[in-house]
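Below are some notes on the domains of this model and on the spaces in and around them. They are set out as numbered points.

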Amino acid sequence: MTLSNGRHYLAIPGPSVAPDEVLRAMHRPSPNIYEGPLVDMVPGIVADLKKVARTEGEAVIYIANGHGAWEAALANTHSRGDRSLVLATGRFGHGWAEMAERMGVICDVLDFGRSDTHDLERVEAALRARDDYASVLVTHVDTSSSVLNDVAAVRALMDRVGSGALLMADCIASLACDRFEMDALGVDVMVAGCQKGLMVPPGMSYVFFNAKADAARETANCVTSYWDWRPRAAPEDFYQYFGGTAPTHHLYGQRAALDMIFAEGLEAVWARHRALAGAVWAALDCWAQDGPLRMNIGDPALRSNAVTAVSIGKPHGAQLRGWLTQNAGVTLGIGLGMATEEDPASEGYFRIGHMGHVNAQMVLGLLGTMEAGMRALQVPFGAGALEAAAMACTEAG
Ligand SMILES: *Cc1c(COP(=O)(O)O)cnc(C)c1O
């Protein structure tokens with residue numbers, strides 16, 4: 001017997017759950033790309049993306065996943081031989097640095113491990129050791145470790161040591177989940193994708209930048225025609241927003257998702273993510289009282305509201321993921337970047353995506369089925385998790 005029929009919940013940290021409103025908006029014949037509603041709609045999408053990012057700077061759209069936004073952000077701001085300081089708190093920090101290296105940027109990578117945030121003393125020492133960094137790359141939420149990094153603290157440190165480097169933030173996992181206010185944080189370049197907190201199937205990504213970053217574009221020799229952000233930011237013709245044909249259906253999907261975000265209110269969206277993350281952590285805290293389960297990030301202040309990485313010991317992580325998909329209609333994320341010699345396939349890890357179009361019944365249902373899975377697999381766990389999660393939701397309401 002399987003209890004998996006019914007609506008499946010893809011509880012992975014991206015792509016996130018696509019709302020019916022978004023799917024309906026995308027289900028239409030191809031629209032005209034030369035005039036009419038699609039053409040009229042795009043300036044409003046750009047303006048609304050800036051509102052979500054809390055910036056008065058520019059926003060540009062790429063037909064790409066998050067990796068494309070990474071490359072675009074680097075290309076417009078760096079020349080070959082430039083030097084970048086990369087703060088890596090998991091797989092994604094390393095990934096951005098590897099891309100920069102391949103573009104000819106020399107990266108000094110500070111590795112803070114797989115379950116911790118920046119050590120600001122190390123960052124300060126690095127910034128004081130050289131004054132020629134073109135950029136500092138930070139990952140706001142590293143989706144592999146689920147750590148939430150303090151971007152404001154990095155900005156304050158850069159100001160204190162007088163660093164003129166661009167502060168560039170990866171908010172692909174966190175935008176519209178964890179509070180992020182680009183201008184107030186003093187971030188010069190920010191990258192995001194449509195498929196996580198922005199609730200659209202993968203295919204568009206966004207780069208936000210300020211005047212200081214655009215000044216770097218003036219001399220950057222990594223930039224190529226397609227990735228150039230200038231025509232996209234100030235298009236004379238509609239096609240220049242996208243460097244070619246518009247991502248027609250994705251734009252309708254993003255319009256619908258932005259409407260949902262503003263109907264709820266961005267502050268309320270952030271608060272919902274906080275409350276639901278609190279319910280997840282309340283359950284995980286109880287389960288961790290007995291048995292092998294542990295949250296990857298111990299300090300709640302360093303946890304993202306969008307995703308939670310969990311270790312449960314090999315092979316329980318892989319088994320639990322398999323059981324939930326086959327028997328309960330919910331899929332957890334894999335343990336990304338968590339491979340060790342003892343656990344080369346990360347079978348001891350999983351991640352819970354609680355980003356975007358997620359509500360209390362989805363999270364409480366997920367936690368209940370996780371407990372069923374641990375019972376079925378005879379993984380020991382502490383008691384009281386579901387009650388604690390229910391309580392967390394009640395208190396939040
Ligand atoms: C998902 C993600 C990426 C990569 O995005 P893709 O769309 O898979 O290219 C990069 N950084 C972070 C923090 C992410 O969560």
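1. Into which domains is the protein chain divided? The model is a predicted one, and its chain splits into domain 1 (9–16 + 265–396) and domain 2 (31–262). Taken over C-alpha atoms, the centres of domain 1 and domain 2 are separated by 28 Å. The contact draws on 30 residues of domain 1 and 31 residues of domain 2.

2. On the interface: about 2500 Å² is buried between domain 1 and domain 2, and carbon and sulfur atoms give 59% of that area. On the domain 1 side, the residues that lose the most area to domain 2 are Leu266, Trp270 and Leu302, which together make up 25% of what that side buries. Two salt bridges are counted between domain 1 and domain 2. A salt bridge also joins the side chains of Glu267 and Arg54, at 3.5 Å from N to O.

3. Where does the largest cavity lie relative to domain 1 and domain 2? Both domains give residues to its lining, so the cavity lies between them.

4. On the largest pocket: it holds about 330 Å³ of space. Of the 19 residues that line this pocket, Arg7, His8, Tyr9, Gln361 and Met362 lie nearest its centre. Helix H13 (residues 360–376) gives the most to the lining, with five residues. The lining divides into nine nonpolar, seven polar and three charged residues.

5. On the second largest pocket: its volume is about 260 Å³. It is lined by 20 residues, and those nearest its centre are Pro13, Gly14, Phe92, Lys196 and Leu336. At least two lining residues come from each of helix H3 (66–75), strand E6 (141–142) and strand E13 (330–334), with H3 giving the largest share, three residues. Eight of the lining residues are nonpolar, eight polar and four charged. Domain 1 and domain 2 each supply at least three residues to the lining of this second largest pocket.

Technical notes: Residues are numbered from 1 along each chain as its sequence is written. This is a predicted model: local features need pLDDT of at least 70, side-chain atom pairs count only at pLDDT 80 or more; totals for chains, interfaces and linings use all residues. Side-chain values use heavy atoms; hydrogens and water are left out. Domain bounds come from an automatic or database domain assignment. Contact means heavy atoms within 4.5 Å. Buried area is the accessible area (1.4 Å probe) that two parts lose on being put together, summed over both. A salt bridge is a side-chain nitrogen of Lys or Arg within 4 Å of a carboxyl oxygen of Asp or Glu. On a 1 Å grid over the protein atoms alone, a cavity is a set of points where a 1.4 Å probe fits but cannot get out, and a pocket is an open set with protein on both sides within 12 Å along at least five of seven lines; lining residues have an atom within 4 Å of a point. Grid points are joined across faces, edges and corners, and a volume is the space filled by probe spheres set on the points. Helices (H or I, at least four residues) and strands (E, at least two) are DSSP runs, numbered from the N terminus. Ala, Val, Leu, Ile, Met, Phe, Trp, Tyr, Cys and Pro count as nonpolar, Asp, Glu, Lys and Arg as charged, and the others, Gly among them, as polar.
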